[in-house]
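Open the model in your viewer and keep the selection tool at hand. We will go stop by stop.

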Amino acid sequence: MAVTIKEIAELANVSRATVDKVIHRRPGVKKETEERILTILKELNYQPNLIGKALVNSKNPYKLGIILTPEYNTYIQYTLKGIRKAEKEFTQFGIDVTVRMLTSLDPVELMSILNEFQEMNISGLAVLPMDDVQVKAKINQIAKSKTAVVTFNSRLEGIDEICFIGQDHYKGGRIAAGLMEKIIPEQGDIGVIISTKNLSCHQDRLSGFTERIAESKMPLSIIDIQENQDRKEDAFRITLEYCNKYPDLKGIYLAGGGISGVASALSLSSNKSRIKIICHDLLPESSTLLKNGAVDFVLGQSAIEQGYQLIKVLFDYLVKEQTPKDRFYEIPVEIITGEMV
């Protein structure tokens with residue numbers, strides 16, 4: 001039989017209002033009292049009455065707006081799988097999910113979708129924010145209207161979010177550089193391809209990578225940094241340019257999407273030595289290239305898990321009235337080799 005808030009209050013010798021504050025992580029409860037109530041809740045396996053809330057919310061569901069970057073990046077397709085998994089699990093409790101996918105990494109297009117969601121009076125927003133003054137101001141304007149905002153993958157300072165879901169991308173960039181140092185045993189040039197400088201995740205990866213290379217005792221040099229907007233055709237063109245222009249090219253670091261374009265270009269290269277490749281995101285194309293040895297390391301970030309958590313965090317906040325324990329839901333950096341796939 002399910003335990004009630006009244007019973008919890010009686011066992012803890014406090015009021016029901018105090019128990020309610022602890023359940024919903026509201027201030028105003030002494031630490032000792034809070035710990036006692038949390039212990040009782042855990043021991044009795046307390047669960048909120050979601051069925052009752054679902055009946056109420058079914059007439060006026062919480063509207064969630066999710067904004068994803070372009071679907072030509074396979075990583076985003078896997079993020080969407082996680083979103084759909086969570087949507088199937090939680091819609092019965094009174095949430096309505098609307099997903100919009102950008103066609104480019106243009107802040108103007110993102111602003112248009114943010115305005116659309118604002119007019120829809122959404123209760124929750126999940127967005128991969130671009131480093132743009134107007135975008136940040138619009139997101140904070142939406143947050144001030146009591147919309148719960150979750151950012152993911154690309155973290156920006158100064159956004160009024162309840163939680164960021166993603167990796168420490170600076171750490172990811174440093175890990176990539178450390179691995180590159182180990183697999184290039186001699187002097188050589190490294191070409192870098194990032195998606196866009198409008199996304200802080202790529203700025204952070206680039207900062208981590210370049211700073212770690214600068215610290216290296218190995219004579220490694222970053223000879224060029226170009227953007228490909230996550231497009232494989234642009235990654236193909238940039239890689240061929242690197243190969244043709246820099247005869248001492250020893251490695252390529254791809255900080256975003258487009259790994260199949262990099263591999264295709266290298267198959268045409270006249271460079272006699274095998275150029276080392278490190279990229280992010282374990283996806284079908286990167287998995288295949290790992291297996292056949294074309295790619296040396298992939299740094300994973302669990303796209304499906306990220307997508308799932310976008311909905312779950314907003315669901316917990318709006319329906320269960322639970323504020324995230326931490327403002328940073330960190331996705332670990334996975335180092336993946338060909339033997340692991």
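Start with two helices: select α8, residues 169-183, and α9, residues 200-215. Keep in mind that this model is predicted. The two helices pack at an angle of about 40°, with their axes 7 Å apart. That angle makes α8 oblique to α9. Their crossing is right-handed.

Now show the side chains at this contact. From α8, pick residues including H169, Y170, R174 and M180. They belong to the set that meets α9, where the partners include C201, R205, F209 and I213.

Next, go to α1, residues 5-12, and α2, residues 16-23. Here the angle is about 105° and the axes lie 8 Å apart. That makes α1 roughly perpendicular to α2. Select I5, K6, I8 and A9 in α1; they meet R16, V19, D20 and I23 in α2. This contact has 5 nonpolar residues, no polar ones and 3 charged.

Now turn to the cores. The largest nonpolar core has 52 residues. Select I66, I67, I83, L125 and I311, which have the most contacts inside it. Which helix gives the most to this core? Helix α13, residues 303-318, does, with 8 residues.

Zoom in on I311. Beyond its neighbours within four places in sequence, I311 is in contact with L64, I66, I83, A86, E87, F90, I95 and V97.

Last stop: select C243, A263, I275 and V298. They are among the 21 residues of a second, separate core.

Terms used
Residues are numbered from 1 along each chain as its sequence is written. This is a predicted model: local features need pLDDT of at least 70, side-chain atom pairs count only at pLDDT 80 or more; totals for chains, interfaces and linings use all residues. Side-chain values use heavy atoms; hydrogens and water are left out. Axes are lines fitted to C-alpha atoms, for helices over the stretch in contact, and angles run from 0 to 180 degrees between N-to-C directions. Helices (H or I, at least four residues) and strands (E, at least two) are DSSP runs, numbered from the N terminus. Angles under 35 degrees count as roughly parallel, over 145 as roughly antiparallel, 65 to 115 as roughly perpendicular and the rest as oblique. Contact means heavy atoms within 4.5 Å. Ala, Val, Leu, Ile, Met, Phe, Trp, Tyr, Cys and Pro count as nonpolar, Asp, Glu, Lys and Arg as charged, and the others, Gly among them, as polar. A crossing is left-handed if the near helix is turned anticlockwise from the far one by less than a right angle, and right-handed if clockwise. A nonpolar core is a set of buried Ala, Val, Leu, Ile, Met, Phe, Trp, Tyr and Cys residues joined through side-chain atoms within 4.5 Å. Buried means under 20% relative accessible area, exposed over 50%, partly exposed in between (1.4 Å probe, protein chains only).
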